[in-house]
Amino acid sequence: MTHLLDLVLEAHGGEERWSKVTAVTAVTRIGGPMWSLHQVPGVLGSHEVTVDFGTQRTVLRDYSEPGLRGVFTPEHVSIVDEDGRAVEERHDPLASFEGFRTDTPWDMLHALYFIGYATWNYLTAPYLLTLPGVQVRDLPPEQPALDPRPGLSGGWRRLGVTFPDDITVHTKNQTFYYDEQGLQRRMDYAPRVTGGIPAVHMIDGHQEFSGLIFPTRRRVFVPAPEGRGLRADPFITLDYADVRVG
């Protein structure tokens, strides 16, 4: 474990406390223009979401329509009714994104796969970085040139993270940024399912829930046309509330 990762785990509640978590439930509000671009505006709004820690599984309540649940695992996504019967489902969901670009239309199962794995990653961090096969290395501090909020970015410390194939993530190699207290402030990645467009993911609003620290505000920015920095407005917005730790 790197020196910075030790600091990060302690800043977010400590590795021992995280190791005892079985699940996290939160209310997430999803916004931003990405969902209309992919023609899935039904994703917008608030959902109660639960992520399991023992396996990569995410459940969104009232997904697609009231009374239905969206269930994500890396191998299978489904929208089920109150009795657990599948209304829609897809096996090997990652394969369904083959050849997709940033503006390719999605259906609600595509959106469920993206939201499911992303939410699992966000709500399990930073414990996610201690899982078997995850490679973490300290990188030199950096003030990123492309930053929608430069006032927050002076000299952030960084971790370079390489994920194993058995953990579903945006992309295998990512960079995580932390402030001097060890709180996460940014992530850089290029999601495969959105055509590999680079994303700058800004993080703040840290709050304590059941002895653990979770950021409650996430904003994802993408490059502006013709290489002119980042778009001023976020492409995706995520806000979390009522976090419950199981």
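**From a loop to the interior**

Mentor: Ser64 is found in the loop that runs between strand 3 (57–61) and strand 4 (69–73); strands here are DSSP runs of E with at least two residues, helices are runs of H or I with at least four, and both are numbered from the N terminus. The model is predicted, so local features need pLDDT of at least 70 and side-chain atom pairs count only at pLDDT 80 or more, while totals for chains, interfaces and linings use all residues. Residues are numbered from 1 along each chain as its sequence is written, and side-chain values use heavy atoms, with hydrogens and water left out.

Although Ser64 is not a glycine, its phi is positive, near 80 degrees. Ser64 counts as partly exposed because its relative accessibility is 34%; buried means under 20% relative accessible area, exposed means over 50%, and partly exposed lies in between (1.4 Å probe, protein chains only). Ser210 also has a positive phi, of about 55 degrees, without being a glycine. Ser210 belongs to the loop between strand 11 and strand 12 (212–221), and its relative accessibility of 45% is why it counts as partly exposed.

Strand 11 covers residues 199–209 and includes His201. His201 counts as buried because its relative accessibility is 0%. Its side chain makes a polar contact with the side chain of Tyr189 at 2.8 Å and another with the side chain of Arg218 at 3.0 Å. A polar contact is a pair of N or O atoms within 3.5 Å; within protein, one atom must be able to donate a hydrogen and the other to accept it, and residues adjacent in sequence count only if both atoms are side-chain atoms. Setting aside residues up to four places away in sequence, His201 touches several others, including Tyr122, Met187 and Val220, where contact means heavy atoms within 4.5 Å.

From here one may turn to the cavities. The structure holds four of 30 Å³ or more. A cavity is a set of points, on a 1 Å grid over the protein atoms alone, where a 1.4 Å probe fits but cannot get out, and its lining residues have an atom within 4 Å of a point. Points are joined across faces, edges and corners, and the volume is the space filled by probe spheres set on them.

The largest cavity has a volume of about 200 Å³. Its lining comprises 21 residues, and those nearest its centre are Met34, Phe114, His170, Val220 and Ile236. Two or more lining residues come from each of helix 3 (34–37), helix 4 (108–124) and strand 13 (236–245). Helix 4 gives the most, with five residues. This lining has 17 nonpolar, four polar and no charged residues; Ala, Val, Leu, Ile, Met, Phe, Trp, Tyr, Cys and Pro count as nonpolar, Asp, Glu, Lys and Arg as charged, and the others, Gly among them, as polar.

The second largest cavity has a volume of about 60 Å³. Among the residues that line it are Tyr122, Ala125, His170, Met187 and Arg218. The elements that give two or more residues to this lining are helix 4, strand 9 (173–178) and strand 10 (184–189). By class, the lining divides into six nonpolar, four polar and one charged. Ala125, one of these lining residues, is joined to Pro126 by a cis peptide bond, with omega about 5 degrees. Pro126 is placed in the loop between helix 4 and strand 7 (135–142).

The largest core has 64 residues, and Trp35 and Trp106 have the most contacts inside it. Helix 4 supplies the largest share of this core, twelve residues. Apart from this core lies another, of six residues, among them Trp156, Val200, Phe221 and Leu230. Beyond its neighbours within four places in sequence, Trp35 is in contact with residues that include Ile30, Leu44, Trp106, Phe114 and Ile236.

Gly45 lies in strand 2 (residues 45–52) and counts as buried because its relative accessibility is 13%.

Technical notes: 1 Å grid on protein atoms, 1.4 Å probe; cavity = no way out; pocket = protein on both sides within 12 Å on 5 of 7 lines; lining within 4 Å. Core = buried A, V, L, I, M, F, W, Y, C linked by side-chain atoms within 4.5 Å.
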